[in-house]
Every structure is written in C-alpha cells, then in structure tokens.
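This report describes the fold of a single protein chain from its computed geometry. The sequence and the model are shown first.

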Amino acid sequence: MVGVPRSSGCSLCVKRRVKCDQGLPGCAKCDKYGEPCPGYDRSFKFVTGKPYRDRRQPNLRNDKKDGTRPKSATSNSENDLEPIYQSLAQREKPSSLISMDLNVVQHLCVLIDDFSQPYTPSPTHVVVRWFGFLPSIYGQNRVLDATIRSFTAHHFGRSTQNTPMVSYARSAYGEALRGLRKSLETPAESLSSHIFCAVVLLCMYEVNTLFTDTENPESWMKHAKGLSQLVRIRGPDRYNTELDVTLLKAARGLIVMHSMFSGEECFLASNEWHDKMRQQYTSNLPPEVHNSIELFFAYFTYSPSLVHKLYSLRHVDATSAEALQTISEVLSEALQIQMKLAIWYEKFSQIVPPPTETISSTGDELYPIILTYTDVSYATIYCGYYSYMVIIHEILKNCGYPGEHEAMVAYFRDRICKSVEYNSVGVMGPYRMGFPLRVAFEVADPVTSSWILNRLGQFSKIYAAAQPENYHTVL
C-alpha cells in the first residue's frame with residue numbers, strides 16, 4: 001500500500017520530537033529554535049514491499065535486455081535526448097513543499113474516472129488503457145514515481161483549487177525532469193519500460209498544460225521531440241508486451257503530429273512499426289474494430305510525408321523539372337491513399353456506426369447542426385479520417401488534379417468542426433480534437449478560422465498545443 005509519514009509537522013520539529021504549529025511559510029518553533037524551517041514535504045513511499053527493484057529484477061516486460069545492451073550502439077542517440085530534458089529541467093526550479101495526505105494509488109483510480117468523464121469509464125476507452133497500468137507499477141522507479149505524483153497532484157490540486165497541492169506537483173515535475181536527465185545517461189535505465197512510461201506522461205501533461213511556459217507556447221514540442229526520439233531509439237523489438245504496446249499507441253498521435261509540423265520524417269511509416277502497433281491485448285475491443293483502427297493508423301503515418309512534399313512545392317519553380325517530378329510523386333501517393341481510405345471507410349462504417357446529425361445544445365450560430373457519435377474513441381477515429389481527407393483533397397487541388405476538391409475540403413473541414421461539441425468534452429476532449437482542428441484551421445475561410453480560434457482559446461486552458469499562438473498556416 002502507499003502511505004505518508006503520520007506526522008504533519010515540519011521535518012525539524014519531527015526530528016526534535018516537539019509539537020509543530022505548522023505555520024506558513026515556516027513554523028514558529030523553528031524560528032524560536034534559531035533555525036530556518038525546512039518545510040512540510042512528506043515524500044510518498046511504499047509502506048510494505050521493496051520499491052525500486054526494476055534494476056535487479058526487471059520483471060516488467062522485456063527490460064532484461066537493458067542491462068546487456070552495448071552502450072556504443074545507442075550512446076550518440078541517447079545524448080540527443082539530453083539537451084531537450086536538460087532545458088526543461090532547468091526551467092522548473094524546486095519550490096517549498098506543503099504537507100498533504102495524498103494516497104497516490106487511490107487517487108490514480110479516481111483520476112482515470114475523471115479523465116473519462118463525462119462518459120462512463122470503459123476498457124475500450126483509450127484513457128483507461130493508458131492509465132490502467134500506473135497503479136500497479138507505482139513504486140518501481142523513482143523517475144516514474146515523481147512523474148505520477150506530479151501528474152496526480154496537479155490534476156486534483158487544480159480541480160479542487162488546492163494551491164499547496166499544485167505547488168507540490170510543480171516540484172515533483174521538476175524532480176521528474178532532473179531524474180529523467182540522469183536516467184538517459186544510464187544504459188540500464190534509458191530504454192526501460194519505466195522511463196518510456198515517464199516520458200509519455202511528461203509529454204502528455206506538457207501538451208495538456210501541466211506547467212506550460214506561457215512565454216513559449218511551443219514548449220510542448222520539446223517533449224514531443226524527445227518522445228519521438230526515445231521511441232525510435234528503443235527500436236521496434238522492444239514493443240512486445242502489453243505495457244510497451246499500449247504506451248506506443250498512446251504516444252503515436254503526438255509522434256505523427258510532431259513529424260507533420262516539424263518537417264521531420266515520420267519513422268512509424270514502415271511495415272515493421274505497423275506490425276508492432278497491430279498487436280492487440282484488449283479483449284473488450286472486437287478484433288474487426290481493432291484491426292480496422294490499426295489499418296487506418298498505418299495509413300495515417302504516411303500523412304506527414306505528403307504534407308512535407310506539398311509544402312516544398314511552394315518554394316520551388318512550379319515549371320522546373322524538380323517541381324514536376326515532386327508533383328508527379330505526391331499526386332500518385334495521394335491518389336493511392338485516397339483509394340485505400342475509400343475502401344477502409346466503407347468497411348469501418350459498417351462495423352462502427354457513422355455519426356448522426358442533431359441540433360447543437362449551445363445554439364452555435366455557425367454550426368447549429370452538429371455530429372454525435374456512439375463513443376468518443378470512435379469519434380476520434382472518424383475525425384482523424386476527416387483530417388486525412390482534408391489533406392488529400394488539398395493536395396489534389398494544388399496539384400491540379402480534376403475534381404471538386406475545394407468543395408470536398410470544405411465538407412470534411414465542416415465535419416471536423418461539427419464534431420467539436422461532442423468530442424471535445426471532458427479533460428481529454430481538447431487532446432482528442434487538437435489535431436483535427438489544427439488541420440481544419442489550415443484550410444478555413446476567415447469566418448471558420450475565427451470560430452476555430454475561439455474554440456482553441458477555450459481548449460488552451462488545459463491543452464497547451466491548442467494555444468492560438470501556435471497556429472500559423474502551413475498547407
């Protein structure tokens with residue numbers, strides 16, 4: 001079980017065995033004693049058992065390979081990660097901690113419920129699969145523990161407006177970043193499942209404005225870059241367990257999004273990675289639905305390459321031999337993907353009901369009719385499909401391919417916007433709609449653009465990547 005020390009007094013009063021008055025910012029007993037009050041931090045610990053055993057007994061999945069991995073094989077790549085997390089760690093300075101009785105494991109279970117709202121938690125919901133492992137692995141790695149404490153304390157501190165708890169979360173966040181930097185320098189730890197899990201959580205919560213640097217709204221991209229590098233460095237062979245595959249699926253959306261808007265190649269666009277992501281450990285999801293979702297995401301990993309080629313055409317002479325060759329290549333790729341997506345959609349819509357139209361409950365003037373779905377997980381897949389179709393038709397339009405592509409771009413853009421009211425609710429809502437709205441913004445007319453920016457302003461309170469400052473057209 002998880003516990004905290006019984007005394008709530010400052011550590012010096014506890015050590016002196018005197019009753020602490022628990023004053024703020026420091027107790028009067030310490031002042032009278034002539035020493036500065038050290039504060040009221042009570043680190044979380046396991047009351048029974050032996051935490052931090054992962055280095056000796058890496059019973060989590062395939063970590064046993066870590067200790068025998070030659071350092072020379074990945075040392076240069078691992079060093080690429082260090083500047084990213086060093087800069088993030090330096091940004092977060094330790095702050096004075098306030099005592100609080102926070103049972104981490106119990107609060108994690110409540111957090112899963114909170115993040116699933118307003119819908120009932122279900123094993124088919126991605127948030128349940130992401131966080132479901134955390135209670136069982138808490139206490140096995142210091143960096144991951146600090147990340148979980150920060151993640152949990154900030155969520156409940158913010159939701160209950162508990163300033164001391166939020167302050168504690170900030171300190172734990174800095175502790176996690178500094179610990180992560182050290183772990184990346186340790187061959188036996190750097191590629192472990194624990195560190196991978198910590199990086200996924202840190203990246204996810206940076207995106208969701210855990211401690212967003214308001215002067216640098218793109219700071220979440222540093223985490224996304226570090227996450228992408230770590231997944232690539234670990235290599236496909238490490239994703240053979242339920243935990244690692246679940247974390248890979250939790251990370252892949254951010255990896256694709258980072259690739260698309262950073263201009264970097266999406267390394268997930270290969271059969272080897274597709275095979276790893278196709279593994280299924282969730283019995284609650286029908287195999288035909290799981291396979292269809294995985295097929296769509298396999299297609300989706302090719303989207304950054306298409307966007308990069310389209311963007312490159314804007315910087316070359318359209319009549320040059322180089323530009324004509326690029327147009328021919330991107331047109332061929334876009335048409336192939338369009339055909340594959342048409343076949344995919346026909347099958348997917350037969351096993352997962354497409355959205356239905358209903359009247360907006362908010363009285364939205366631009367979109368009085370909205371789309372509702374049977375499940376937010378399926379709504380996210382449909383919105384991903386709409387996003388891809390926007391990209392495909394925008395490419396076909398720019399390449400001069402015959403067809404009503406401008407009308408189709410507007411149609412799928414509006415499908416995304418009409419899904420916002422249903423699919424953006426709850427803590428995870430902005431996370432689900434962040435990428436589709438980013439694509440819709442690229443092709444929006446002035447009125448729709450204003451509508452999207454207004455929604456993004458609301459999202460940015462809990463989703464850093466949605467800050468309007470981040471939105472500059474690329475397509």
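## Basis of the model

The model is predicted, and local features need pLDDT of at least 70 while side-chain atom pairs count only at pLDDT 80 or more, whereas totals for chains, interfaces and linings use all residues. Residues are numbered from 1 along each chain as its sequence is written, and side-chain values use heavy atoms, with hydrogens and water left out.

## The chain as a whole

The secondary structure comprises 21 helices and 4 strands, where helices (H or I, at least four residues) and strands (E, at least two) are DSSP runs numbered from the N terminus. Of the 475 residues in the chain, 52% are buried, a term that stands for under 20% relative accessible area, with exposed meaning over 50% and partly exposed in between (1.4 Å probe, protein chains only).

Among contacts (heavy atoms within 4.5 Å) with a separation of 6 or more, 74% join residues 24 or more positions apart. The chain exposes about 21300 Å², of which carbon and sulfur atoms supply 52%; accessible areas come from the Shrake-Rupley method with a 1.4 Å probe, and for residues only the protein chains shown count as cover.

## Helix H17

Helix H17 covers residues 376–398, and its end C-alpha atoms are 33 Å apart, which agrees with the 33 Å that its 23 residues should span at 1.5 Å a residue; the expected span is 1.5 Å times one less than the number of residues. Because 20 of the 23 residues of H17 are buried, this helix is largely enclosed by the rest of the structure.

Just after H17, Gly 400 takes a positive phi of about 75°.

## Nonpolar cores

A nonpolar core is a set of buried Ala, Val, Leu, Ile, Met, Phe, Trp, Tyr and Cys residues joined through side-chain atoms within 4.5 Å. The largest such core has 116 residues, and Phe 131, Leu 227, Val 231 and Tyr 388 have the most contacts inside it. H17 contributes 15 residues, the largest share of this core. Another core, of 6 residues, lies apart from it and includes Leu 12, Cys 13, Cys 27 and Cys 30.

## Cysteines

With a disulfide taken as a pair of cysteine sulfur atoms within 2.5 Å, the count comes to 0 disulfides. Cys 30 is in no disulfide, and the nearest cysteine sulfur, that of Cys 27, is 3.3 Å away; Cys 30 counts as buried, at 0% relative accessibility. The sulfur of Cys 383 lies 9.7 Å from the closest cysteine sulfur, in Cys 417, which is too far for a bond, and Cys 383 is also buried at 0% relative accessibility.

## Selected residues in other helices

Ser 228 belongs to helix H11 (residues 220–234) and is buried, with a relative accessible area of 5%. Its side chain reaches the backbone oxygen of Ala 224 at 2.9 Å, and, leaving aside neighbours within four places in sequence, Ser 228 is in contact with Ile 255, His 258 and Phe 267.

Thr 246, in helix H12 (residues 242–262), is buried with a relative accessible area of 13%; leaving aside neighbours within four places in sequence, Thr 246 is in contact with Arg 129, Trp 130 and Phe 133. Phe 115, found in helix H4 (residues 104–116), counts as buried at 2% relative accessibility.

Notes. Polar contact = N/O pair within 3.5 Å; in protein donor to acceptor, adjacent residues only side chain to side chain.
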